[in-house]
Amino acid sequence: MSKYKIHPLLEKRWSPRAFSDKPVTEEDVNKIFTGASWAASARNEQPWKYVYGLKGTPGFDRLWECLLPGNQPWTKNAAVLFVALQRHTFESNGKTNKKAMHDVGLANAQLLLQAVSVDIYGHLMAGYDAGKAKETLRLNEDMSPVCMGALGYLGDANDLEEPFKSREREPRTRKPLEEFVTKL
Ligand SMILES: Cc1cc2nc3c(=O)[nH]c(=O)nc-3n(C[C@H](O)[C@H](O)[C@H](O)COP(=O)(O)O)c2cc1C
């Protein structure tokens, strides 16, 4: 644990692989994406878009098929799968938005915190086939995926297959402040 006490929501958030079969309501999904939408962004451009699917629907299956084998086994139990997309150019003037990926990351952070505030946990993933995602979502040149994510209520780690079961129990660690903060 950290030397300094932080906000309970930040302390509570983590990236599980074991999800329960409790569905996430459409209302909660909309609240979670609203949480993302209130993130800061360069020129308030909000260069993010989210595409999601609920478990048990063809949309979920189409997104799941974009995941790499390392993420497919445990995500099949998630209640929601989503892709976070970035828009590369400013809507206002067509110039390149160099901070687009940063801003999508910030929105994702808010999304995860909004979710965990109601006991819904999120797990972001870079392990997906970006080409397949682009094809599946028919993205134009100006849009590309930043990451995928799984959402759901916590499940039982014992239900996971290896190596996910062991990974679920590994202690979470963070670098000490001295390694990444400098006071001038
Ligand atoms: C952009 C991004 C990509 C990630 N890709 C994967 C992934 O493909 N598979 C996976 O199991 N976890 C993935 N993770 C989760 C990280 O491994 C996890 O956030 C990190 O180990 C810290 O753990 P915590 O979120 O529980 O604090 C990813 C996280 C981020 C932010």
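The legends below describe close-up views of a predicted model.

**View 1. Overall fold of the chain.** The secondary structure comes to 7 helices and 4 strands. Along the sequence, the pattern reads α-α-β-α-α-β-α-β-α-β-α. The C-alpha atoms fill a box of roughly 50 × 50 × 30 Å along the principal axes. For 184 residues, a compact globule would have a radius of gyration near 16 Å, and the 17 Å of the chain agrees with that. Buried residues make up 41% of the chain. Among contacts with a separation of 6 or more, 76% join residues 24 or more positions apart.

**View 2. The largest nonpolar core.** This core has 22 residues. Val24, Tyr50, Leu111, Ile120 and Leu151 have the most contacts inside it. At least two core residues come from each of helix 2, strand 1, strand 2 (80-87), helix 5 (100-116) and strand 4. Helix 5 gives the most, with 5 residues. Another core lies apart from this one and has 20 residues, including Leu81, Leu137, Met143 and Leu160. In soluble globular proteins, nonpolar side chains tend to be buried together.

**View 3. Surroundings of Val24.** Val24 is one of the residues with the most contacts inside the largest nonpolar core. Beyond four places in sequence, Val24 touches Val29, Leu54, Ala79, Val80, Ile120, Gly152 and Tyr153. Of these partners, Ile120 is also listed among the residues with the most contacts inside that core.

**View 4. Helix 5 and its cover.** Helix 5 has 17 residues. From first C-alpha to last, helix 5 reaches 25 Å, close to the 24 Å expected at 1.5 Å a residue. Its buried residues are Ala100, Asp103, Val104, Ala107, Asn108, Leu111, Leu112, Ala115 and Val116. An α-helix has 3.6 residues a turn, so residues three or four places apart point the same way. The cover over the buried residues of helix 5 includes helix 1 (8-12) and helix 2. Strand 1, strand 2, strand 3 and strand 4 also belong to that cover.

**View 5. Strand 3 against strand 4.** Strand 3 pairs with strand 4 (residues 143-152) in the antiparallel sense. The pairing runs over 5 bridges. Leu124 stands opposite Gly149 in strand 4.

**View 6. Pro145 in strand 4.** Pro145 is found in strand 4. Its relative accessibility is 10%, so Pro145 counts as buried. Leaving aside neighbours within four places in sequence, Pro145 contacts Val83, Ala84 and Leu85, among others. Tyr128, Ala130, Ala133, Lys134 and Leu139 are also in contact with Pro145. Pro23 is 122 residues from Pro145 in sequence, and their C-alpha atoms are 25 Å apart in space.

**View 7. Ser41 in its loop.** Ser41 lies in the loop between helix 2 (26-37) and strand 1 (48-54). A relative accessible area of 16% makes Ser41 buried, because the cut-off is under 20%. The side chain of Ser41 reaches the backbone nitrogen of Gln46 at 2.9 Å. Beyond four places in sequence, Ser41 touches Gln46, Pro47, Trp48 and Asp103. Of these, Asp103 is one of the buried residues of helix 5.

**View 8. Two arginines with positive phi.** Most residues other than glycine have a negative phi. Arg43 has a phi near 55 degrees, a positive value. This residue lies in the loop between helix 2 and strand 1. At 58% relative accessibility, Arg43 counts as exposed. Arg138 is not a glycine either, yet its phi is positive, at about 50 degrees. Arg138 sits in the loop between helix 6 (130-137) and strand 4. With a relative accessible area of 75%, Arg138 is exposed.

View 9. Most peptide bonds are trans. The bond from Glu162 to Pro163 is cis, with omega near 5 degrees. Pro163 is found in the loop between strand 4 and helix 7 (164-169).

Key. Residues are numbered from 1 along each chain as its sequence is written. This is a predicted model: local features need pLDDT of at least 70, side-chain atom pairs count only at pLDDT 80 or more; totals for chains, interfaces and linings use all residues. Side-chain values use heavy atoms; hydrogens and water are left out. Buried means under 20% relative accessible area, exposed over 50%, partly exposed in between (1.4 Å probe, protein chains only). A polar contact is a pair of N or O atoms within 3.5 Å; within protein, one must be able to donate a hydrogen and the other to accept it, and residues adjacent in sequence count only if both atoms are side-chain atoms. Contact means heavy atoms within 4.5 Å. Two strands pair if DSSP finds at least two bridges between them. A nonpolar core is a set of buried Ala, Val, Leu, Ile, Met, Phe, Trp, Tyr and Cys residues joined through side-chain atoms within 4.5 Å. The expected span of a helix is 1.5 Å times one less than its number of residues. The radius of gyration is taken over C-alpha atoms; the globule rule is 2.2 Å times the number of residues to the power 0.38.
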